[in-house]
Structure formats: C-alpha cells, structure tokens
Amino acid sequence: MRAFLLRRLLQNAILLLFISVIVYGILYLVPGGPFDQLNFGATSATAAAAQVKRLNELLGLDRPLYERYWTWLTKALVGDWGMSWTVAFGQPVGRLIESRLGNTLLLMGLSAVFSLAIALPIGIISAVRPYSVWDYLITAFSFFGLSMPTFWFGVMMLIIFSVVLGWLPAGGAITPGKANDIVDRILHLIMPVVVLSLVQVAGQSRFIRSSMLEVLKQDYIRTARAKGVPWARVVLTHGLRNAILPVITLLGLEIPQLFGGAIITETIFTWPGMGRLFFEGISKNDWPLVQAITMLSAFLVVGGNLLADLAYAVVDPRIRYE
Amino acid sequence: MTVPMPPAFDDDVLATEEVSQARLVWRRFRRHRLGLLGITVIGLIALACILAPWIAPYTFDKPDTSNIMGTPSASHWLGTDELGRDVLSRLLYAGRISLLVSLVATLLSIMIGVLVGSIAAYFGGALDTVLMRFTDIMLSLPSLPLLLIFSKTLRDFGPLRRALGDNTSVVIIITVLTIFGWMNVARLVYGSVLSLKAREFTEASRALGASSFRIIFTHLVPNSAAPIIVAMTLGIGSRIIAEASLSFLGLGIVPPNPSWGSMLSGVQAYMFRNPWLAFYPGLTILIVVLAINFAGDALRDALDPRLKN
C-alpha cells in the first residue's frame with residue numbers, strides 16, 4: 001500500500017510537471033504578450049515598440065523561455081505564483097485565487113452532493129424496475145440532460161426565474177448589504193448548483209442503473225432473497241453497497257468536467273469564483289493568473305483521482321494495491 | 001463462393017434469401033422508432049442547412065435597421081436579432097458551420113485515435129507503453145481550461161489570422177477539438193485490436209505473408225468498425241455542444257461566420273428585451289444533439305446486439 005501510494009504520488013508529480021510545461025509553452029511561445037495590443041498613446045509605432053520593449057524587460061519577458069519557465073517553477077513550488085497582469089494589475093495571483101477558491105469549492109461541492117442525491121435514487125429505481133414506465137421516463141430525462149448545452153440551460157433558467165418570474169437573483173453570490181443573510185446566500189446558490197448538476201445527474205443515473213443491474217444479477221442477491229431478507233433491504237444494503245463502488249471512481253473522474261462546468265456556470269451567473277476569474281484571465285491575456293488556475297485545476301484532477309482510488313481500497317476490501 | 005444445393009434439399013423449407021450485413025443492421029435499426037426519428041430529424045436539418053443559400057429567406061448578415069430585435073412575424077418567422085438580422089436565416093447558415101466543425105473534428109479525431117490505438121496494440125512493447133501512457137495523460141487533463149487557452153492563444157497569433165482570414169476561427173476550433181478529442185477512440189480501438197490480433201485470421205494473414213500495415217488496416221481496424229461508428233455518431237453530438245460552449249464564451253467561432261453557439265454569445269445583454277433571441281439557437285442544438293444521441297443508441301443496438309449497455 002505504501003509503495004503504491006509513493007508510486008502514484010511520483011507519477012502525479014511528473015504529470016503535473018508535464019502539464020505545467022505544456023501550458024507555459026502554449027501561453028508564452030505564441031507571440032503576443034499583454035502589451036501587444038496597446039500603444040500607450042505613443043504617436044509613432046517605434047515609440048510604442050520602445051515602450052513595449054521596456055515593459056517586457058521589466059517583467060522579464062525578454063529572457064529565453066526555458067529560463068523564464070525555471071524561474072516560474074522554482075517560485076511556484078514555494079507558493080509564489082507571480083503578479084496579475086491585467087485582471088487585478090500588480091496583485092499577487094495567489095491572493096486573488098484565494099479570495100475566489102472558497103466560492104468555487106462551495107459550488108462544486110454542493111453540485112456533487114446534489115447530483116448524487118438525485119442520481120442515486122433514480123438510478124436505483126431504474127435498475128430495480130427495468131423497462132417500467134419509471135425507467136423509460138428516467139432514461140428520457142437522462143437523454144435530455146446529456147443532449148442539453150449547459151450554458152443554454154443556464155441562460156434559460158436565468159430568463160425564466162430572474163427576468164420573467166423575478167423569483168431568484170440574476171447573479172453574484174450575495175446581495176450587497178446582506179452579507180450574513182443565509183436565505184439570501186441560498187437563493188443565489190440555487191440556479192448555479194442546479195445548472196452545474198444537470199449533466200452530472202444524467203450521466204450518473206445511467207451509470208448507477210447499469211452498475212445496480214449488474215449487481216442484482218449476482219448469486220449473493222439470490223441467496224439473500226432465499227434466506228428471506230425483505231426485497232427492499234436486499235436492494236438497499238446487499239445491492240447498493242456493491243453497486244456504489246464504481247461510482248466512487250466515477251466521482252473522481254468527473255472532477256475535470258465539474259471544473260469545466262464551473263467555468264461556464266460561473267460566467268453565466270457572474271458567480272465570484274475561480275472559474276470566472278479564469279475566464280477573465282483568458283479574455284484579458286493575464287497569463288500568470290491563467291497558468292496558476294490551470295495548475296490548480298490539474299492538481300484537483302490528479303488529487304481527486306488518487307483520493308477516489310484510495311477510497312475504493314477503503315470501502316472494498318477485495319482491492320489490494322501493490 | 002456459392003455451393004450448389006444438393007437436390008435432396010431442393011425445397012423452399014431450407015432456402016433462405018441471402019442477407020447482407022448492411023441489410024441486417026438496417027433491419028435491427030428500423031425497429032428502433034426513436035432512432036429512426038433521430039436520423040430523419042438530423043437528415044432534414046442537415047439538408048436545410050446545406051441548402052441555406054437557396055432556401056433561407058435572407059442572408060445571414062443582412063441587417064434590417066427598421067426591425068431590430070423584432071418578435072416573430074410573417075416576414076421574419078423567428079424574429080430578428082440585435083442588428084435586425086433574420087434569426088431563421090442565421091440559424092440555417094450557422095448550422096453549416098456547426099455541423100461542418102463537429103463532423104470534421106470528429107473524423108480527424110477518429111483517424112488519430114484509430115492510428116494510435118491500433119499501432120500501440122499491434123506492435124506492443126515500448127511503442128505501446130509510450131502511446132498509451134500519453135493517451136492516459138491526455139485523458140487526465142482538465143480539458144475545458146486547456147481548450148480555452150489553446151483557442152485564445154492561437155487566435156491572437158497574427159500570421160495564422162493573416163493566412164486564413166475569416167475562416168481562422170473555424171480552423172482553430174477544429175484543431176483544438178481534435179487535439180483533445182481522439183483519446184477515447186484510441187482506447188476503444190486499442191482494446192479491440194488487442195483481442196483481434198490474437199485470433200486465427202490474423203495469424204493466417206501473417207502466414208500468407210501480409211505486411212503489418214496490411215493486417216492492421218484491412219483486417220484489424222475493419223473488424224473494430226462497429227464501436228468506432230457508434231463512437232463517431234455520439235462524438236458528433238458532443239462536439240456540437242463543445243463548439244457551442246466555446247463559441248458562447250466568445251472563444252470559438254467569431255463573426256462574420258455564425259454558429260449556433262456564437263449566436264448565443266453575449267445574448268445575456270439582450271435577454272430582457274427579447275428572450276426569444278436566446279431560445280431558438282439553444283433549442284436547435286438540443287434537438288440536433290438529442291436526435292444524434294437517439295440515432296447513436298439505435299446504431300449501437302443494430303450494429304452489435306452484444307454491445308447493449
């Protein structure tokens with residue numbers, strides 16, 4: 001187990017290093033720094049070019065790429081992600097992310113819990129009564145969920161519940177002046193969480209259905225029934241405990257999707273989280289910010305997968321990692 | 001090779017009509033009503049989009065300044081947008097781009113995936129390790145952030161824009177969707193080729209002196225066709241959504257070309273004045289992707305009944 005953990009940690013470290021090289025390469029190899037579009041009110045092209053050159057020197061952008069990457073890496077390893085270029089000029093990227101991280105984790109966490117809370121019962125119902133009316137309804141729902149463009153679903157929710165009905169706030173995380181109002185916070189959370197959950201529910205319920213169907217065919221289910229255990233208990237204890245195992249891995253694999261969804265959802269509902277910060281960074285060519293958030297999301301992804309594998313070993317004693 | 005029937009069995013009890021594989025698949029597909037509906041819907045929409053220059057009531061960029069954000073009327077069936085352009089005409093023209101992008105990106109992804117998967121599985125050894133580890137790494141990347149980074153940096157790259165002109169955004173989005181879209185097919189083909197290469201017909205082929213290239217591309221890959229075709233069908237649907245998401249964020253298709261996603265880009269600014277503007281493009285995407293998913297599901301059952309679930 002320890003050897004497995006060490007090997008996985010090493011693999012993940014290499015993977016993160018690989019991602020950092022790729023992202024750094026793309027961001028800085030393509031010409032066009034943060035100042036290329038500006039001319040600083042200069043009257044001639046040469047004057048503007050001189051200004052750009054001076055600024056590039058100030059930021060160290062005139063150094064060779066590998067040297068800059070090395071500087072970036074050594075600083076990033078001790079938690080210094082550099083200064084923001086355009087989104088919040090001159091502010092440390094680390095502090096910028098810190099102020100948004102909580103909101104994103106809240107959104108992603110609630111969506112994960114919410115989607116599982118819905119997918120689990122409907123997946124079980126589908127599996128216990130396959131080809132029933134309920135199963136067809138749930139299948140139809142999941143087809144819709146998987147075919148739905150998330151961002152459009154978000155915009156439609158916004159139009160219906162904020163513009164037409166006026167029930168829910170159109171964006172943000174709190175109403176100014178109501179910082180401690182818990183009801184207000186919940187109202188702001190409803191639409192982003194529902195939108196972020198939709199696609200997950202569709203995929204998860206299909207997955208739980210087929211996992212449960214597989215388990216219910218097993219001999220130990222028949223044995224339990226033969227011993228006179230009530231059907232509901234067979235499904236919910238004998239069945240579910242086994243059917244839920246692959247779902248743990250699925251949750252780990254869904255983290256990138258969840259983060260991608262957060263970028264879109266936060267942009268639609270102007271949710272002050274990391275996803276929207278990332279999008280602002282992309283729009284405004286703020287490369288230090290973009291690099292840092294990409295690395296953080298990559299870290300979430302590999303960390304999530306590792307946790308899922310470990311959790312799997314904990315809940316399923318048949319799994320042995322060597 | 002046809003074997004003449006022995007006269008003793010010259011009875012229509014045993015004489016069955018010869019049925020081709022394609023016909024068998026079609027027979028099973030036909031039984032799927034939703035699949036049939038799906039394929040009809042896709043066919044009609046694709047046809048309408050292809051014929052857009054001839055059947056669209058207006059061109060996609062012709063403004064009608066006297067009718068800005070008009071509600072649906074006799075002259076503009078689905079209304080007009082913030083510049084007074086006819087929404088129905090734009091939907092038809094946008095479909096050309098959206099369908100083209102997703103189709104080409106899917107085909108390219110399939111080609112790369114088939115190449116990587118089959119070569120890794122057939123040759124094995126170090127090549128296998130390198131190719132499939134790389135596939136795993138690509139699969140574990142946070143794809144949307146990287147898609148956005150690629151789209152943005154490539155778009156700001158001057159020489160590319162000068163070389164491609166108005167079509168830059170189309171080429172870029174096909175490229176990025178391909179870069180991040182081939183891994184699932186590679187895995188699929190890998191698994192399939194790995195089991196097929198141990199079968200007798202591969203051995204027979206090798207004994208007859210066929211080259212590795214010939215074995216892979218005339219025996220192993222065609223025998224993996226069923227799952228590849230299904231992955232392709234469903235892949236087109238997921239790429240329509242991916243293209244639309246990128247375009248919605250302003251990092252996919254940009255004007256002058258319209259796409260279903262780019263028609264929704266910035267639509268939040270107008271949703272108070274004309275909510276219908278946001279409704280139609282998204283509904284179109286939903287209908288098309290739903291139809292594709294139904295067709296893909298039916299195709300899976302039809303091509304190989306064992307693949308079910």
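Here are a few exercises with worked solutions on a predicted model.

**Exercise 1. Describe the overall build of chain A: which secondary structure does chain A have, and how far does its trace span?**

Solution. Start with the elements: chain A has 13 helices and zero strands. Reading along the sequence therefore gives the pattern α-α-α-α-α-α-α-α-α-α-α-α-α. Next, look at the extent: the C-alpha trace of chain A spans about 90 × 60 × 35 Å along its principal axes. Then turn to burial: 34% of the 322 residues of chain A count as buried. Finally, consider the contacts in chain A between residues at least 6 apart in sequence; 70% of these join residues at least 24 apart.

**Exercise 2. Work out how α2(B) and α4(B) are placed: are they roughly parallel or roughly perpendicular to each other?**

Solution. First find the two axes, which come within 7 Å and cross at roughly 110 degrees. Angles of 65 to 115 degrees count as roughly perpendicular, and α2(B) and α4(B) are therefore roughly perpendicular to each other. Now pick out the residues that meet: B:I45, B:A46, B:A48, B:C49 and B:I50 come from α2(B), while B:L92, B:G95, B:R96 and B:L99 come from α4(B). Sorted by kind, the residues of this contact are seven nonpolar, one polar and one charged.

**Exercise 3. Take a look at α11(B): which of its residues are buried, and against what do they pack?**

Solution. Begin with the helix itself, residues 212-223 of chain B: its 12 residues reach 15 Å from first C-alpha to last, close to the 16 Å expected. The buried residues in α11(B) are B:I215, B:I216, B:H219, B:L220 and B:V221. Their packing partners are α4 (87-123), α9 (183-196) and α10 (200-207) of chain B.

**Exercise 4. Examine where the chains meet: how many residues of chain B are in contact with chain A, and which helix gives the most?**

Solution. Count both sides: 35 residues of chain B are in contact with 39 residues of chain A. On the chain B side, α6 (143-155), α12 (225-248) and α13 (276-303) each supply at least two residues. The most comes from α6(B), with nine residues. By kind, the chain B side divides into 24 nonpolar, nine polar and two charged residues.

**Exercise 5. Explore the largest nonpolar core: which residues have the most contacts inside it?**

Solution. This core has 147 residues, and A:V155 and B:I173 have the most contacts inside it. Its largest share, 16 residues, comes from α4(B). Now follow A:V155: leaving out residues up to four places away in sequence, A:V155 touches A:I268, B:L264, B:V267, B:Q268, B:M271 and B:A278.

How values were computed
Residues are numbered from 1 along each chain as its sequence is written. Chains are lettered from A and ligands numbered from 1 in the order in which they are written. This is a predicted model: local features need pLDDT of at least 70, side-chain atom pairs count only at pLDDT 80 or more; totals for chains, interfaces and linings use all residues. Helices (H or I, at least four residues) and strands (E, at least two) are DSSP runs, numbered from the N terminus. The expected span of a helix is 1.5 Å times one less than its number of residues. A residue is buried if 20 or more other C-beta atoms lie within 10 Å of its own, exposed if 12 or fewer, and partly exposed in between; C-beta atoms are placed from the backbone. Two residues are in contact if their C-beta atoms, placed from the backbone, lie within 7 Å. Ala, Val, Leu, Ile, Met, Phe, Trp, Tyr, Cys and Pro count as nonpolar, Asp, Glu, Lys and Arg as charged, and the others, Gly among them, as polar. A nonpolar core is a set of buried Ala, Val, Leu, Ile, Met, Phe, Trp, Tyr and Cys residues joined through C-beta atoms within 7 Å. Axes are lines fitted to C-alpha atoms, for helices over the stretch in contact, and angles run from 0 to 180 degrees between N-to-C directions. Angles under 35 degrees count as roughly parallel, over 145 as roughly antiparallel, 65 to 115 as roughly perpendicular and the rest as oblique.
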